[in-house]
Structure formats: structure tokens, C-alpha cells
Amino acid sequence: MAQKTSKKAGIVLFSSIVSATNQAVILILLARLLEKEIFGEVAKLIMIFRTAVILGNFGFNDNPFYFVPKISETQRGTFFLQCLKILFFSGIGVGLVSFGFFYYFFESYVVGGVFVFVIAFELMAEMTPNFFIAVGRAKAAAFFSIFTSFLNAAVILFVCLFTENKILNLTYGFLIYSFLRFLWTIFLNFKIVKTQNKPLPKSFLKEQLEFGIPIGFSQLAFKINKQIDNYVVAFFFPTKIFAEYSVGSWEIPMALKIPFSITSVYLTKYAELFDAGKFEELKDKFNQVTEKIILLLIPIATFFLVFGREIISLVFGSGFEKAGIVFQIYTITLFLRVASYSSFLKSLGESKFILKTSILLLSLNLILNVIFIQLFGLYGAPVGTLISNLIVLVLILRKTSSILRLKMFELLPYRFYVKTVSLAFAVCLFARFFAYKFWVSELVIVLFSVLVFLVGFFSLGVTFKLIGSEEKEYIFSLIKGKKK
């Protein structure tokens, strides 16, 4: 089982990184090729659309991880079809709500009206990758995610680079994209729906809603929390400043995908162990996975923190000076995300707790953003986000430790964490100092530092026994998608 799960983790992580990289490429190209004013308008459109999708999801994107282990294989098609029906009505409802936001920013009834249907189609296709992962079809999930992310990138780039009325044409482009994605979802799952159609228990829909609605609202809160500073900046600053802030709040493509992608393939296993009362095995598995995530995530976060301003300058150009500092502040939050604790708690059915913490997080973030913007200007927004995330993380750790019957200081492998952070910073700062001694070009400095950092961290990690044979095998199994 461990070998199979490790292989699935590699496949899912790879597809997540490809999809995130596509989004990053879109952001980079648009920021470089469009005027700041136009880029800011496009960024607002995409921001509202993605927020609406999270609102309409109502937690059904995570439903498969929790419910698939609880139903028979012959009921999977019925379960999937039931989710689609709920998501359709949810999409129409959320689309009507989001209509007001689209009209407020773009003053167009057409844009708001078309997006009602865009959101509905998008939501009905949203669950497919996680459904495939839950039923053991990781490759199908990866292919679906990668293909649709390329299609999405192609639509956005074509419209923004080759048409005049970018907002209206992008609206129609999203309609075509979401409809095609929905049709492919139906095609891929047609056999399952047709053959695995045994009825679900009458109480199952109620159980889905009781689990899904709190998760849906919590996902909305978490999503808005990730973007609340963007909304605040959009209201407090001109569009050109918002465009620069959008660049600074850019997420490193692979970094945030590491904890979620690796954890996602273990969620079904976590749920099975929890339902069976095998708490010791659950603790061991959770801690093992957390340690592996630390080893992958911390070096990446460290490098991007130390070289944040150089990377933003190289990637987006010299017109985004303030974005570099915003980006570095955001990168600090990665050091708090060495495990997908919320996903773990969802798999154990703690949807109501996640809802409470997500509402708290959203409230704290909004309040601190407004306060710190008044004190520190543009940089106050990411500082507020960092502090609010830290406060809520402590609460989530307390809840997780009580479920796993661990003390808080036992939940995270702190010694391993501190050693990894210390080694990463030592090697990265050495690489930076050495590079600036001999070169002036930012490109040469960053490329040289990447090489020195990778070789130095891996070599010293092996020397200080942070990276053992098991860790090397695990990392290579993720990268190559091979068995341990």
C-alpha cells in the first residue's frame, strides 16, 4: 500500500506543479506584455471567477476522499452523478451572486450574465481529479488536470494577446473552456455512471450536505483569505498598484502544491485508519508524511525568500520593484505550511471545526490588512496575512494534537524542522555571498546560486543525516513516479 501511495503522490504532485506552472506562466506573460492598467483588470476578472468557484464548490471537491471509502464500488457512479446535480444548482446560485461583483468592477450585464453559466460548468468538472484519485486512478486525474490547465492557459493568452476587448472576449473564452471541460468530464465518467449505479442510502444526501456545506464555506473563507489582501488593495489603491501587488502575491508554482498534493493521496488512508481506531498507525503515518514534506518544501521556500527580489525582477521585469518585497513577505508563510493540516482534519470529518477556523482566519486577515495598510502602506497587507495565518495555525495544531492524542510539541518534528531550516539558510546565504563576490548580472547570480544551493544542501543533508536512504528513495519515487 505504501509503495502504491508513494507512486500516486508523485503523479499527483507532478500534475499539480504543471498546472501551477501554467498559471505562473500566464501571470508572467500578461504582466510583461500588457499595460499595467489592462493587466490589473484581467487579474480582477480571474480573481472574482476563482472565488466564485470556491464558493459554489460547497466542499464537494473534497467529498470523494471522505465518502468513497464508505460506499461500495457499485455506488460510485451514483455518488458522482449526485454530486454533479448539486454542483449545477450551486453554480447557478453562486453565479447569480457573483453577477453583482462582475457588474461593480466591469459595468457589464453581459459579463456577469455569461459567468453564471461559466461557473456552473466549471463546478461540475471541478470534482473529477479528486474523484479519480480517491478511486485509485491517479494517472487519469493527472492527465485531466494537466490537459485542462493547458487549455485554460491557451484561452487566456490568446484572448489577452490577440484581441481588442479583452474583458468581454475573455468572458466568452471562459465559457467555451468551461463547457468543453464539462463535456470531457461526462465522457470520462460515463462508463462509471452507467455501470456503477447502485442506489445510495436515503440519508446519504443529508450526510453529504452536512459534511460538504461547512467545508464549502470554509474553503470559501480560506480562498478569500488567500486573496483578501488583493481585494483590500483593489479597493484602497489604483489599478496600477493592484497590478504590481498581484505580481508580488504570486505563489511559487511548486511550493504550495507539495503539502496538498502529497497529503491528498493519503487522505483516504487516514480516514480508513481513523475509522478503524488504529490511532498509533495514523500518528506514525502522519508524522512520516510531514517530515518528507519539510524536506521538500523548506529548501524551496528558503531559496525564494533569500533571492525573492532578484527572482521577481528577472521574471516580471524591472517595473515591479515593490512586488519583490511583497513576494518575500508572502514566502515567509510557506514556513508555516509544512503539512496540510486542514485537509487532514477534513478526512477525519472535522468539517465544522475547519469552518470555524476559516471564518476566524478570514476575519483576522481582513481586520489586520486594513489596520496594517494604514500603518505600513502596501506592505501592510502581506504582513497582516502572515500574522493571521500564524494565529490560526496554532489553533489547528491544538485540534490536530488532540485528535492524534499527541502534545503540540510532539505533533511537528521540530528538531528535524529546525535542522532543515538552519541548513537551508546557511547554504543559501553562502551561495548568495559567493555569487555577489564575482558577478553583477542578476541572471548569472541566481543560476549560479541555484546550482550551489542544490549541491550544497543535498551533500550536507546527507552528511548531517537529514537525508537518509529512505528519504532519498521517497523523493526519487515522487519525482519519477516509481515505487519505493
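## Aromatic rings in a predicted model

Arg432 lies over the face of Phe307, and the distance to the ring centre is 5.4 Å. This arrangement is read from a predicted model, as is everything that follows.

The structure holds 32 aromatic pairs in total, and two of them are set out in the table.

| Pair | Centre to centre | Angle between planes | Arrangement |
|---|---|---|---|
| Phe49 and Phe174 | 4.9 Å | 45 degrees | tilted |
| Phe79 and Phe204 | 6.0 Å | 85 degrees | edge-to-face |

Why is the pair of Phe49 and Phe174 called tilted? Planes under 30 degrees apart would count as stacked and planes over 60 as edge-to-face, and the planes of Phe49 and Phe174 stand at 45 degrees, so this pair is tilted. The pair links distant parts of the chain, since Phe49 is in helix 2 (residues 36-57) and Phe174 is in helix 8 (residues 166-195), 125 residues apart. Phe49 counts as buried at 5% relative accessibility, and Phe174 counts as buried at 2%.

Which parts of the chain does the pair of Phe79 and Phe204 tie together? Phe79 lies in helix 4 (residues 76-106), whereas Phe204 lies in helix 9 (residues 204-236), so the pair ties together parts that are 125 residues apart in sequence. Phe79 is buried, with a relative accessible area of 0%, and Phe204, at 6% relative accessibility, counts as buried too.

Note on methods
Residues are numbered from 1 along each chain as its sequence is written. This is a predicted model: local features need pLDDT of at least 70, side-chain atom pairs count only at pLDDT 80 or more; totals for chains, interfaces and linings use all residues. Side-chain values use heavy atoms; hydrogens and water are left out. Rings of Phe, Tyr and Trp (its six-membered ring) pair if their centres lie within 6.5 Å; planes under 30 degrees apart count as stacked, over 60 as edge-to-face and the rest as tilted. Helices (H or I, at least four residues) and strands (E, at least two) are DSSP runs, numbered from the N terminus. Buried means under 20% relative accessible area, exposed over 50%, partly exposed in between (1.4 Å probe, protein chains only). A charge sits over a ring if NZ of Lys or CZ of Arg is within 6 Å of the ring centre and within 35 degrees of the ring normal.
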